[in-house]
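Please keep the sequence and the structure in view while reading.

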Amino acid sequence: MNTKLHAICDSQGRPIDLFVTAGQVSDYIGARVLLSGLPKVDWLLGDRGYDADWFREALQDKGIRACIPGRKQRKTPVKYDKRRYKRRNRIKIMFGRLKDWRRVATRYDRCPKVFLSAITLAALVIYWLGILTLRSGLDYGSLFETVAPELEPA
C-alpha cells in the first residue's frame with residue numbers, strides 16, 4: 001500500500017493545502033483537485049509530473065505563470081525559468097521535515113483519512129507552532145500582534 005502526497009506550499013515552504021492519492025495514480029489527479037484551492041500567486045513551481053497542457057492553460061486562466069519543466073518524452077520542449085525552479089528545494093525540505101515523523105514516513109495508518117490527519121498534525125506542529133521557537137523571548141501577546149496581520153483576509 002503506497003500513497004502520494006500532493007501539497008501547495010507558500011514561499012517559505014509551509015504547507016497550505018494537502019491531498020493524498022494512491023501511489024499508482026497520476027499526478028494529474030492531484031493537480032486537478034488542488035487547482036481550485038490555489039491562492040492568488042504570480043508563479044507556481046512544480047516538478048515534471050505536473051507537466052500537462054491543460055494544467056498550464058488552467059494556471060494561465062487564473063493569472064499564474066507556471067515554472068514546470070517539460071517531461072522528457074514531450075515532443076515540443078517547454079521553456080521555464082531555471083533559476084526560479086531551483087527554489088523548489090523549499091518544497092523538498094517541507095516533505096523531508098514531514099518524513100522526520102515516523103508515523104508519516106512509514107505510514108502506520110491504513111485508512112487514508114487517518115493518514116492525512118497525521119500529516120496535517122505533523123505539519124501544524126512543525127510549521128505553525130514552530131514559530132514560537134523562532135521568536136523566543138516574545139510573549140504570546142506580542143507574537144499574535146506580529147503574526148495576526150498575515151492571517152487576516154485582505
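A residue is called buried when its relative accessible area is under 20%, exposed when that area is over 50%, and partly exposed in between. With these cut-offs, Arg84 counts as partly exposed, because its relative accessibility is 21%. The model discussed here is a predicted one, and every value below is computed from it.

The overall composition comes first. The protein chain contains eight helices and four strands. The chain has 154 residues, of which 32% count as buried. Among contacts between residues at least 6 apart in sequence, 35% join residues that are at least 24 apart.

Two helix pairs may now be considered in turn. Helix α1, residues 27-35, packs against helix α2, residues 53-61, at an angle of about 15°, and their axes are 11 Å apart. Angles under 35 degrees count as roughly parallel, and α1 and α2 are therefore roughly parallel to each other. The crossing in which α1 passes α2 is left-handed. On the α1 side, the contact involves Tyr28, Ala31, Arg32 and Leu35, which meet Trp54, Phe55, Ala58 and Leu59 of α2. By class, the residues of this contact comprise seven nonpolar, no polar and one charged.

The second pair consists of helix α4, residues 89-99, and helix α6, whose axes come within 10 Å and cross at roughly 110°. That angle makes α4 roughly perpendicular to α6. From α4, the residues in contact are Ile93, Met94, Arg97 and Leu98, while α6 supplies Ile119, Ala122, Ala123, Ile126 and Tyr127. The contact of α4 with α6 divides into eight nonpolar, no polar and one charged residues.

Side chains of opposite charge can pair when their charged atoms come close. The structure holds seven salt bridges. One of them is formed by Lys4 with Asp27, where the closest N and O atoms are 3.1 Å apart. Since Lys4 lies in strand β1, residues 3-9, and Asp27 lies in helix α1, the pair ties together parts that are 23 residues apart in sequence. How do the two partners stand in terms of burial or exposure? Lys4 is partly exposed, with a relative accessible area of 26%, whereas Asp27 is buried, with a relative accessible area of 15%.

Another salt bridge joins the side chains of Arg84 and Asp81, with an N to O distance of 3.6 Å. Arg84 has already been classed as partly exposed, and Asp81 is likewise partly exposed, its relative accessible area being 31%. Elsewhere, salt bridges that share partners join Asp51, Asp53, Arg56 and Arg74 into one network.

At 22% relative accessibility, Arg74 counts as partly exposed. Although Arg74 and Asp51 are 23 residues apart along the chain, their C-alpha atoms are separated by 9.3 Å. Not counting residues up to four places away in sequence, Arg74 touches Asp51, Ala52, Asp53 and Arg56.

Two further arginines complete the tour. Arg103 lies in helix α5, residues 102-106, and counts as partly exposed at 41% relative accessibility. Which residues are in contact with Arg103, leaving aside its neighbours within four places in sequence? They are Tyr108, Asp109, Phe115 and Ala118. For Arg103 and Ala118, the separation is 15 residues in sequence and 7.4 Å in space, taken from C-alpha to C-alpha.

Arg107 is found in the loop between α5 and α6, the latter spanning residues 112-128. The phi angle of Arg107 is near 50°, a positive value in a residue other than glycine. Arg107 has a relative accessible area of 14% and is therefore buried.

Note on methods
Residues numbered from 1 in each chain as written. Predicted model: local features only at pLDDT ≥ 70, side-chain atom pairs only at ≥ 80, totals over all residues. Heavy atoms only, no water. Axes fitted to C-alpha atoms, helices over the stretch in contact; angles between N-to-C directions. Parallel < 35°, antiparallel > 145°, perpendicular 65-115°, else oblique. Left-handed = near helix turned anticlockwise from the far one by under 90°. Contact = heavy atoms within 4.5 Å. Nonpolar A, V, L, I, M, F, W, Y, C, P; charged D, E, K, R; others polar. Salt bridge = Lys/Arg side-chain N within 4 Å of Asp/Glu carboxyl O. Buried < 20%, exposed > 50% of the residue type's maximum accessible area, 1.4 Å probe, protein only.
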